[in-house]
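Here's a structure to browse together. Let's pick out a few spots on the backbone and the surface.

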Amino acid sequence: MKAAYLVVSLLAFASVHVLAYDPSPLQDFCVALNDSVTKGVFVNGKFCKDPMAVKAEDFYLPGFDKVGNTSENPTGFVVKSADVTTLPGLNTLGISLVRIDYAPKGQNPPHTHPRGTEILVVVEGTLLVGFVASNQNQNRLFTKVLNKGDVFVFPIGLIHFQQNVGYGNAVAFAALSSQNAGVIPIAKSVFGSDPPISPAVLQKAFQVDQKIIDLLEKPFQD
């Protein structure tokens with residue numbers, strides 16, 4: 001009986017640590033404080049504001065009903081974020097939210113979130129979405145066409161994308177299991193890093209000549 005209880009306890013302990021990616025908070029809230037004098041010391045990524053100075057506005061962010069300007073992005077999408085940077089009250093709470101607007105044929109190109117799982121719901125239009133598994137699962141592609149009201153999950157750290165395949169604009173909202181999930185756009189990171197990755201490395205990795213590398217790097221050069 002004791003052995004069974006121990007196994008259950010260990011499984012419960014492990015599941016908590018697996019599900020909670022961001023460190024668990026040790027207080028009700030820790031509103032982020034951007035203090036240039038004290039920067040360099042962090043609590044879950046940000047300094048905490050004095051709880052007695054916290055206001056409702058620290059937990060409030062308007063504007064998620066506004067249509068984003070997709071014309072500013074060559075791939076035809078724009079993201080509005082409610083993360084610890086734009087909504088200080090999220091600090092230590094392990095969650096964030098984004099609104100994504102897509103122009104017709106617009107795309108949120110392949111990218112990863114190194115610190116968060118993403119769950120997305122379509123509220124307007126039709127999206128082709130997908131993610132690629134790791135080599136543990138033979139780099140399989142999981143893809144689905146989503147319509148209004150459909151939900152899809154992108155596991156933490158895996159390459160994923162969304163493409164507007166409808167006839168008009170599309171809108172989606174997504175929640176992420178981190179106050180600051182981060183984003184690594186694959187093409188920009190590989191072909192537009194600063195400083196650039198050695199051309200010899202890219203030629204070897206992609207098995208192409210330098211002319212192709214130059215073409216791929218060109219869109220990301222200043």
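## A few spots to look at

At 48% relative accessibility, Asn139 counts as partly exposed, because that label covers the range between buried (under 20% relative accessible area) and exposed (over 50%), with a 1.4 Å probe and protein chains only. Keep in mind that this is a predicted model, where local features need pLDDT of at least 70, side-chain atom pairs count only at pLDDT 80 or more, and totals for chains, interfaces and linings use all residues. Residues are numbered from 1 along each chain as its sequence is written, and side-chain values use heavy atoms, with hydrogens and water left out.

Asn139 sits in the loop between S7 and S8. Gln138 is in the loop between strand S7 (127–132) and strand S8 (141–146); strands here are DSSP runs (E, at least two residues), and helices are runs of H or I with at least four, numbered from the N terminus.

| Residue | Phi | Relative accessibility |
|---|---|---|
| Gln138 | near 55° | 60%, exposed |
| Asn139 | near 50° | 48%, partly exposed |

Now for the peptide bonds: Asp194 and Pro195 are joined by a cis one, with omega about 0°. You'll find Pro195 in the loop between helix H2 (186–191) and helix H3 (199–206).

Last stop: Ile119, which belongs to strand S6 (residues 118–124). Ile119 is partly exposed, at 42% relative accessibility.
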